[in-house]
Structures are given as C-alpha cells and as structure tokens.
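Please read it alongside the structure shown below.

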Amino acid sequence: MSLRRLGHHSLIEMLGNWQQTPSRIPLWQQLASALRLLVLDGRLVQGTRLPGERELATGLKISRTTVSSALSLLREQGFVRSRQGSGSRITLPEDAVHIPGSMSAGSALDLSTASLSAGPEIHQAFRQALLRYPEYSLATGYDPRGLRSLREAIARRYCSRGLPTRPDEVMVVNGAVSGLALILRWLTGPGDRVLVDHPTYPSALSAIRGASCQPIGVSFSEGRWDHGGLAAALAQTSPRLAYLIADYHNPTGYCMGEESRAEITALAARYRTPLVIDETLAELWYQQPPPAPVAAFARPGEVICLGSASKSYWGGLRIGWIRASASQIASLVQIRDSLDLASPLTEQVVCEWLLDNSDQFLPQRRQMLQQRRDICGQLMQTWFPAWKYQVPAGGLSFWVELPGRLATRFASRASEAGILLGTGTRFGISGAFDRYLRMPFSADEATLQQAFQRLQPLWSSLPDMPELPPSGRSVY
C-alpha cells in the first residue's frame, strides 16, 4: 500500500477542468465524481494521503463544506478512509466499477485500455512451450540476459527491419515499462530531467517520476515531431536521456518519418543525450510497415530500443526487451538484481514461438484492427460529429480532440454510468490535454456500438457542449 502524501497543487492539476457550470449537479457531487475518476483511472493509488479539507478548499476556491461533503460521499462508496489525526487516504472498494488492469465488474465497459484479448495463437504458443519444458527444467531458470533462443529470435526480427543485431545486444525484461525503469536506474539520479513527447504514454511518466526524475515535454507540431522544439529543450534543460515513441505513437498514432528519425538522432548526438525509443507498437501497421528502427539512423550506442510482446500478441504476456550495444547490455545486467532476477522462463518460450510464427497470424490481426479502426471512426462520426481526429496508420487508438475542455467532466459522468474513458490528462504533464480523449478501437463492433449509444446522451447533457457542425463530419 502506498504511503504517498499528495500536495494540493498536484491534486488540483490532476483534477483538471472538473467543475460544470452551470449545472444542476451540486458542486460537492461533481468534486466527488472527479476524485472517484482519478481513483478508477489509476492516478490516485490506494493508500495515497489526500490534502486536508481546508487546504484543498482554499486551493480549489470552494467552501470547506463542499470538500467535506465530497469526501463523505467517497467514504460511503468506499473510495476514501478517514481517521482522526491522520487525515483521509484513498482506498479501493470491493465492488469498484473498474480498477485499471481488471475487468471483474459485470457491466463495466473499458474504453481506457488499448489492448487486445488473447487469440488462439496464444493457447498454441503455451502448448508448444510446455512440450519444450523438459529441455529447460534441469537448469536454474535464472538468466538476467534472457533465454538465448529468444534473444536470437528478437535479433532476427531487428535484422529483418533493417537494424543488424546480435543476441548479445538484446536483453529480455518483464515488459517495456520494466525495461524503461531499469534504464532510468542505470542512467539517471534523483532530480534529473528526462525529455518526453508531449503527450506520451502514462506508464512511462509514472516510471520517470518513480525514479525521482522530472519529465520535460516537447509538443508535436501539426502532427509532426518538432525538431526546433526538441533542439531547444535539449540545449536548455540538459536532460539525462530522451524517451520517444516513434512508431504509431501512444496516444496520437503518429509515425515518425525517415527524415525525422535522421534529424532527431543527429540532434541527440549533438547534445550527447541518449535516446530511448519505445517500439511496442511497431508491428501493428496496416498498409505498410514503418521505416527502419530509429537506431538504424544513429551510431552504435546512441539509441536504446524498447520492445514488448504485450501489444502485438497479448497484454497478459509480460515479456519485453531492450536492444542496445553489447557493453550497454552488460551494464544493465549488472544492476538488474536491484529490480528483479530474471523473466519467467515459460513466458519467454511462448514469446519465442510467437515471434518465429508471427507471419501466420499477425497479418490477420492487422486486418482485423484496421476494420475495427474504420468501424470506430464511422461510429464516432455518427454519434459524436463534433469530435476531431486523424485516422492512424497503425496502433490501437484514436487521439480525439473535443470542442472544449470537456474530457474530465465527460469521463466523470461516463464512469458513473459504468464506462471508463482515457482522458487526455492521463497522457500529459501538469493536467494538460483536457480537451482530448484516447479512444481505443481494440474492442469489437458490438462493444463499441453499445458504449457509444450509452455515451451519447451523457455527452449531449454537458452544459458547455457546443452545437454540432451542420456538415456532421469532423475527421481531419
């Protein structure tokens, strides 16, 4: 259980644009809904100590009675536990609608997670892994580098994408976020700055903050990486490293072109800033594959790659990898025991089989995702014509621009109706992107149809909802 104490400034930033004015809903209920959303969204974790009522009321510029009433409702619902002299802490009710990573509730519709369920190839891979179990059972199973045959399979995949790679340049880890945490432990110290795309992957932000580092965001410019902004940030902030998502960026869906890959690697080399490139979505392209990996445009040792099996194959398969120079891998291996000892052997064998046999099922999976992307886009045009978005060429989600700062308020109402939405504020620093939603299209058509039908009246009821454009089309 976390014993973190949250300052009122941080909580106010997380709450975003929570007030609905004018509204028939009492202010204390609005505040309770917004706080509840932060818990369901995983941003207020269990055990977090909230600011005092007077402190929070002053910061939000509302009455203490309003704060007290909101916390009282959350106590009744099981989201807050208070004790005299020790304040109020976040807790999790047994019947919570949804906690990130869990789909135990009966009627919950989760549109906050961009991930696919396991296909039949996962079952086949586990069967094959069990058949190979005897050849590994006599060894200890501890190998901080990872299974040799899996590292060979990963190296072959990089070679086929245009980046010559040897097995000793690969390290198997427990997912891409675990790999990032290991890299941060190796390259950074408390207070160091880490450059990131803005918006970016929320779990990466959590890993950066968990390493006591400060994320520095560089915004996109009209759907492209801002080379000038990146150069200025590198020069002015001297970050210890830069974490970027080049392939079907999460959450925007953008794919970095060859010219940008060459320019960004040159900039990073000029300012001697290591690049950490997250490639977890690189396999989920639709019409044509992305350019060669960013590391192919740089000198050896300047770019570290992060990969994962969770998006291409199944989220429950917690296997990832780091691709770096052999000397960098050796350094990472030396400090790995400060996080864990090795990755699960069975899952590594499963991942190896999936990589070696991906040509048998990945094309069909890409085709299915492309169809679901198109269906989701059509449904958004029908039910939410005021929303704007670009059609991504890969990945798992749309980055939707709303006609105002409505994401937090909309998501608060949706969560009470049993639908979880990924607000843009999850992907930003200091409460940014409250006019955006990440809308996954990984769910099937029936689920999306049901969700949008239930969401539409909630959207229409928002006080600041603008009139719909007469054309009814909002794709750009």
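What is the order of the strands in the open sheet of 4 strands?

1. In this predicted model, the order is 3-13-14-12, and the pairing is mixed. Strand 3 (109-111) and strand 12 (397-401) form the edges, each pairing on one side only. From one strand to the next, the twist averages 30°.

2. Strand 3 runs parallel to strand 13 (residues 419-423), and 3 bridges join the two. Within this pair, Leu-111 stands opposite Leu-421 of strand 13.

3. Two helices that pack on the sheet deserve attention. Helix 14 (residues 362-383) touches strand 12 and strand 14 (436-440), and the direction of helix 14 makes about 25° with that of strand 12. Helix 16 (residues 445-460) touches strand 3, strand 13 and strand 14; the direction of helix 16 makes about 90° with that of strand 3.

4. A separate point concerns a helix pair. Helix 3 (residues 53-60) packs against helix 4 (residues 64-77) at an angle of about 120°, and their axes are 8 Å apart. The two helices are therefore oblique to each other, since angles of 65 to 115 degrees would count as roughly perpendicular and those over 145 as roughly antiparallel. The crossing of helix 3 past helix 4 is right-handed.

5. On the helix 3 side, the contact is made by Glu-53, Arg-54, Leu-56 and Ala-57; Arg-64, Val-67, Ser-68 and Leu-71 meet them from helix 4. By class, the residues of this contact comprise 4 nonpolar, 1 polar and 3 charged.

How values were computed: Residues are numbered from 1 along each chain as its sequence is written. This is a predicted model: local features need pLDDT of at least 70, side-chain atom pairs count only at pLDDT 80 or more; totals for chains, interfaces and linings use all residues. Side-chain values use heavy atoms; hydrogens and water are left out. Axes are lines fitted to C-alpha atoms, for helices over the stretch in contact, and angles run from 0 to 180 degrees between N-to-C directions. Angles under 35 degrees count as roughly parallel, over 145 as roughly antiparallel, 65 to 115 as roughly perpendicular and the rest as oblique. A crossing is left-handed if the near helix is turned anticlockwise from the far one by less than a right angle, and right-handed if clockwise. Contact means heavy atoms within 4.5 Å. Ala, Val, Leu, Ile, Met, Phe, Trp, Tyr, Cys and Pro count as nonpolar, Asp, Glu, Lys and Arg as charged, and the others, Gly among them, as polar. Two strands pair if DSSP finds at least two bridges between them.
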